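The following note is intended for a colleague who is meeting this structure for the first time. Please read the points beside the sequence and the model.

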Amino acid sequence: MIKFLAIMFSLLLLLAVLGGGGGLYVLWRFGRDLPDYAQLADYRPAVMSRVHAGDGTLIGEFARQRRLFVPIAAMPRRVIQAFLSAEDKTFYTHPGIDFAGIASAMFRNVKNLVSGGKRRPVGASTITQQVAKNFLLTNEISITRKIKEAILAFRIEHAFSKDRILELYLNEIYLGIGSYGVAAAALNYFDKSLDELNLEETAFLAALPKAPNNYHPIRHRKAAEARRDWVLRRMAANGVISPLESSRGAARALLMRRPDPTRILAADYFAEEVRRELLGRYGERRLYEDGLSVRTTLEPALQAIADSNLRAGLVAYDRRHGWRGPLARIKDMENWLDALAKVSIPPAIGNWYMAVVLELHGEGADIGFSNGIEGIIPLPQMIWARAWRKGETRGPRVRRPGDVLAVGDVVAVAAVEKEAENYLPGAFSLQQIPAINGALVAMDPHTGRVLAMAGGYSYKASQFNRATQARRQPGSAFKPFVYAAALENGFTPSSMVLDAPFVIDAGKGQGKWKPANYTKRFYGPSTLRLGIEKSRNLMTVRLANYIGMDKVVDYAGRFGIMADMPLLLPMALGAGETTLLRLTTAYAMLVNGGKRVVPTLIDRIQDRRGQTVFRHDGRECPGCVSSGWHGREPPAVPDLRVQVIHPTTAYQVVSMLEGVVQRGTGIRIRKVGKPLAGKTGTTNKSRDTWFMGFSPDLAVGVYIGFDSPRSLGRRETGSSVAVPVFRDFMAQALARQPAIPFRIPPGIELVRIAVATGLPALPGDRRVVMEAFKPGTVPENSAPVLDGTLAAGAISGSKRAGTGGLY
């Protein structure tokens with residue numbers, strides 16, 4: 001008996017030694033090349049960057065993985081309990097591997113195999129093992145990976161707390177439909193934060209880790225509800241909820257609610273410009289993974305006004321130049337419903353509908369929609385659609401529907417509003433996506449903060465931002481800076497310049513350069529004010545020629561309009577190229593008293609921890625941080641803006657530009673009824689049209705033209721194309737604002753001046769303006785008229801430029 005016991009003991013000892021040795025070999029063999037689990041201590045999950053408007057409204061999200069990081073301390077208790085019940089009920093007691101769970105899984109798998117069952121093998125991975133796999137290993141299905149996973153699980157359990165492991169798991173796990181982590185999943189499936197989830201929604205999220213695509217609540221509703229009910233039963237079995245709560249949760253339907261897309265403000269051009277700036281500043285990794293919180297300068301109300309008025313202006317121009325034809329044509333009208341469903345919807349169609357013409361008759365055109373509903377386009381709603389002809393001209397007037405449409409034409413339509421004249425129920429108006437495009441920028445002139453930016457008609461159709469990426473000739477919109485240079489070099493607003501023919505020999509083989517006024521007429525001696533109000537090219541050329549193009553180039557650089565402008569006289573008429581944002585910033589510097597501002601779309605950037613890493617306004621203000629003022633004086637913040645031109649010069653230009661609105665090429669704006677100023681711009685052959693202007697506290701620029709430059713047509717100028725957009729924008733933007741006059745700096749003397757002579761007005765003079773003068777510059781008697789006969793060196797003999805501005 002003793003001998004038998006000795007033998008058994010020896011065998012057990014041998015088995016123990018072999019088992020221990022085998023275990024040590026496994027640890028040595030598979031544990032030597034494992035990833036360093038210590039990196040989990042510094043792990044920072046990729047978190048989306050979010051961009052907000054000035055009022056906090058979300059305008060964009062940038063991420064490779066849609067994840068919101070939530071610390072374990074902020075995670076609702078029920079969410080944690082649901083995931084532990086579904087994935088690892090002994091998580092807080094096992095050492096990284098659940099040996100009891102492994103034994104149970106092995107027994108069930110063997111039983112299933114012996115009985116010939118077709119069930120999937122049951123696993124027993126703990127949450128710690130899943131963390132090891134997700135963070136440090138691959139998804140390879142093999143014994144080797146499972147061994148490595150177990151070894152890493154042991155090591156992770158010794159290195160980190162249970163809460164830290166669970167935090168990593170709940171923020172990293174993929175839960176379907178682009179959701180990484182439970183917080184993102186709560187938003188994507190139910191449009192809720194974690195603490196807003198009810199019991200059945202929480203249980204559904206906990207049911208997803210094994211196979212999220214198999215439990216989609218719409219595509220696989222029955223499977224999703226069955227899996228959710230299983231989680232509820234597990235929670236009840238573990239004592240987390242009562243059996244009654246479990247049965248009630250299982251009885252409720254699983255309702256998915258995707259995030260409301262309208263929560264993200266439609267400001268696509270602005271958001272994309274911010275994205276480009278962030279990419280240039282921080283690079284791809286920080287932008288898409290570092291969870292930046294960006295507070296921008298955008299004002300949602302102004303952005304909506306900018307978008308609607310720019311689109312309206314582009315549509316208005318497009319209608320003036322005729323109908324270019326249908327979007328598509330359907331030949332087989334017997335099956336028009338199926339055929340219409342196959343026609344691609346243009347990205348720029350926006351809120352309009354696509355329809356097919358079913359029949360033409362005297363009252364209009366009957367149309368059908370892809371949902372089977374029918375309507376009518378009355379003849380008055382297509383009367384504008386005269387045929388487009390080359391050169392932006394139009395064909396004969398529309399007298400019958402057949403002059404515009406044919407059966408089978410696929411067209412864009414909009415519902416006729418009830419307030420419209422001759423309204424008919426079920427009536428629609430014929431629409432056309434504009435071929436022309438444009439941009440609008442609104443800016444705070446005192447800070448350079450961009451308050452609104454519309455970069456085109458439709459971001460879905462074209463991501464090209466015409467406010468920042470389109471380099472175009474500003475034409476006459478550049479003239480105020482020529483006049484500013486003249487005012488700082490001996491001229492006054494009442495100085496006289498000859499408006500007469502001006503000819504320069506451009507050099508050998510180049511012919512003669514003969515700039516002309518838009519009207520092709522000459523007006524004789526005229527004041528500087530009249531020259532800018534009526535946009536006289538010949539006066540501007542004479543002025544630039546006299547003061548020297550080197551000064552004009554200097555001022556173009558000072559205002560940031562164009563760097564390294566050539567010393568060519570046509571540049572004085574806006575023949576150089578710039579962007580709308582640059583030119584709007586330059587006009588902002590005129591109205592703010594001549595102080596340099598830098599355009600910005602971003603106020604502040606914070607990292608994922610809430611630390612500010614960038615602030616546009618870099619001024620120090622210790623006294624600004626206060627819980628309350630209690631009647632104290634506000635702190636004095638230093639003004640660090642550089643003076644670009646003298647404040648008195650800036651005001652003189654502003655005063656003259658106010659005259660453009662009151663009496664000149666921008667007179668259509670006068671009906672707004674608020675103090676406004678600005679300048680039109682039109683380039684050769686009407687290829688580009690502008691209006692740049694401002695109120696005392698809002699600078700706005702409008703550009704309209706074709707992306708592939710061509711003429712906008714005869715008689716189309718900045719006054720007819722861009723001015724209406726500016727006018728309507730300002731009318732809405734300033735509707736609730738008081739009429740604030742332009743601020744007059746110290747040193748300005750206002751004198752009544754006769755327009756015809758540029759001298760102080762006499763009793764009985766009718767055409768009189770209040771003119772702004774610097775000290776000691778008020779004219780007392782008639783001064784010489786600048787005739788500008790000398791032009792040597794103004795035009796390069798080797799290069800000829802266009803004439804630039806016209807109107």
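1. Helix H2 passes H8 in a right-handed crossing; a crossing is right-handed if the near helix is turned clockwise from the far one by less than a right angle, and left-handed if anticlockwise. The contact (heavy atoms within 4.5 Å) is made by Arg78, Val79, Ala82, Phe83, Ala86 and Glu87 of H2 with Leu199, Thr202, Leu205 and Ala206 of H8. These residues divide into seven nonpolar, one polar and two charged, where Ala, Val, Leu, Ile, Met, Phe, Trp, Tyr, Cys and Pro count as nonpolar, Asp, Glu, Lys and Arg as charged, and the others, Gly among them, as polar.

2. The model is predicted: local features need pLDDT of at least 70 and side-chain atom pairs count only at pLDDT 80 or more, while totals for chains, interfaces and linings use all residues. Residues are numbered from 1 along each chain as its sequence is written, and side-chain values use heavy atoms, with hydrogens and water left out.

3. The axes of H2 (residues 77–87) and H8 (residues 199–206) come within 9 Å and cross at roughly 45°. H2 and H8 are therefore oblique to each other. Axes are lines fitted to C-alpha atoms over the stretch in contact, with angles from 0 to 180 degrees between N-to-C directions; under 35 degrees counts as roughly parallel, over 145 as roughly antiparallel, 65 to 115 as roughly perpendicular and the rest as oblique. Helices are DSSP runs (H or I, at least four residues), numbered from the N terminus.

4. H8 also meets H7 (residues 182–190), with axes that come within 11 Å and cross at roughly 120°. The contact joins Val182, Ala185, Ala186, Tyr189 and Phe190 of H7 to Glu201, Phe204 and Leu205 of H8. By class, it has seven nonpolar residues, no polar and one charged.

5. The second largest pocket holds about 680 Å³ of space. On a 1 Å grid over the protein atoms alone, a pocket is an open set of points with protein on both sides within 12 Å along at least five of seven lines, a cavity is a set where a 1.4 Å probe fits but cannot get out, and lining residues have an atom within 4 Å of a point. Grid points are joined across faces, edges and corners, and a volume is the space filled by probe spheres set on the points. H12 (300–320) supplies the largest share of this lining, six residues.

Methods:
Helices (H or I, at least four residues) and strands (E, at least two) are DSSP runs, numbered from the N terminus.
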